[in-house]
Amino acid sequence: MTYFPSVFVSSSPDPKDRMDIYRATARDAILEAHMNPILWDYYGLHHVGANRPDLSRQMIDDSDIFLGIHSGQYGAAKVDEYDWVEFEYDYAVSKNKLMLFYFPHRTHPHFGQLDEKSTQFRNKVRRYLVH
């Protein structure tokens, strides 16, 4: 039986961030690579009313690879005092997931203003990932 790795796609759930474009592109690339995408867009629909942080942890647990996409707008969606993507990133790191991370180029129209927390988060990710 052939095994197809699963990729969890983490991005801000805030519609103002326009991450839907990036999630759709990531989903298509994951499918083209013969892997299974795990996205809130689908998974969350089947768990209406579930505790969102617990469901995020479950989706990450079910994945082989973590793909983070961050708009540069820290805290557009939060879990406690954490940015949603940072919360999911920290959990994926704690589970030793294989990881990819994408930050849109600063000239991209959906790229937000980098504040101090956004810069700190980017630096945190850069320290962990191999370039």
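Asp 28 forms a salt bridge with Arg 27, and their closest N and O atoms are 2.9 Å apart. Here a salt bridge is a side-chain nitrogen of Lys or Arg within 4 Å of a carboxyl oxygen of Asp or Glu. The model is predicted, so local features need pLDDT of at least 70 and side-chain atom pairs count only at pLDDT 80 or more, while totals for chains, interfaces and linings use all residues. Residues are numbered from 1 along each chain as its sequence is written, and side-chain values use heavy atoms, with hydrogens and water left out.

**Salt bridges**

- The structure holds four salt bridges.
- In the pair described above, Asp 28 counts as partly exposed at 35% relative accessibility, and Arg 27 is partly exposed at 23%. The classes are buried (under 20% relative accessible area), exposed (over 50%) and partly exposed in between, with a 1.4 Å probe and protein chains only.
- Asp 54 and Arg 57 meet through their side chains in a salt bridge of 2.7 Å, N to O. Both residues lie in helix α3, three residues apart, about one turn of the helix. Helices (H or I, at least four residues) and strands (E, at least two) are DSSP runs, numbered from the N terminus.
- Asp 54 is partly exposed, with a relative accessible area of 46%, and Arg 57 is partly exposed at 27%.
- Lys 124 and Glu 86 form a salt bridge between their side chains (2.6 Å, N to O). This pair links distant parts of the chain, with Lys 124 in helix α5 and Glu 86 in helix α4, 38 residues apart.
- Lys 124 counts as partly exposed at 24% relative accessibility, whereas Glu 86 counts as buried at 8%.
- A network of salt bridges links Glu 86, Asp 90 and Lys 124.

**Nonpolar cores**

- The largest nonpolar core has 21 residues, of which Phe 8, Phe 66, Tyr 89, Phe 101, Phe 121 and Val 125 touch the most other members. Elements that give two or more residues to this core are α3 (52-61), α4 (84-94), β6 (98-102) and α5 (116-128). Helix α4 provides the largest share of the core, six residues.
- A second, separate core of ten residues includes Val 7, Val 9, Ile 65 and Leu 67. A nonpolar core is a set of buried Ala, Val, Leu, Ile, Met, Phe, Trp, Tyr and Cys residues joined through side-chain atoms within 4.5 Å.
- Not counting residues up to four places away in sequence, Phe 8 touches Ile 38, Trp 40, Met 59, Ile 60, Ser 63, Ile 65, Phe 66, Leu 67 and Glu 88. Contact means heavy atoms within 4.5 Å.

**Strand β6**

- The covered face of β6 carries Met 99 and Phe 101, and the uncovered face carries Leu 98, Leu 100 and Tyr 102.
- Strand β3 (residues 65-69) runs parallel to β6, and five bridges join the two. Strands pair if DSSP finds at least two bridges between them.
- Met 99 in β6 is the bridge partner of Phe 66.

**Helix α4**

- Eight of the eleven residues of α4 are buried, so the helix is largely enclosed by the rest of the structure.
- The buried residues of α4 are Trp 84, Val 85, Glu 86, Phe 87, Glu 88, Tyr 89, Tyr 91 and Ala 92.
- Asp 83 caps the N-terminal end of α4, with a side-chain oxygen 2.9 Å from the backbone nitrogen of Val 85.

**Glu 88**

- Glu 88, found in helix α4, is buried yet has no salt bridge, and the nearest side chain of opposite charge, Arg 52, is 6.8 Å away. For charge, Lys and Arg count as positive and Asp and Glu as negative, while His and the chain ends are not counted.
- Polar contacts join the side chain of Glu 88 to the side chain of Trp 40 at 3.4 Å and to that of Ser 56 at 2.6 Å. A polar contact is a pair of N or O atoms within 3.5 Å; within protein, one must be able to donate a hydrogen and the other to accept it, and residues adjacent in sequence count only if both atoms are side-chain atoms.
- Beyond residues up to four places away in sequence, Glu 88 touches Phe 8, Ser 10, Ser 11, Trp 40, Ser 56, Ile 60 and Phe 66.

**Arg 18**

- Arg 18 lies in the loop between β1 (6-10) and α1 (19-32), and counts as partly exposed at 36% relative accessibility.
- The C-alpha atoms of Arg 18 and Ser 71 are separated by 8.4 Å, although the two residues are 53 residues apart along the chain.
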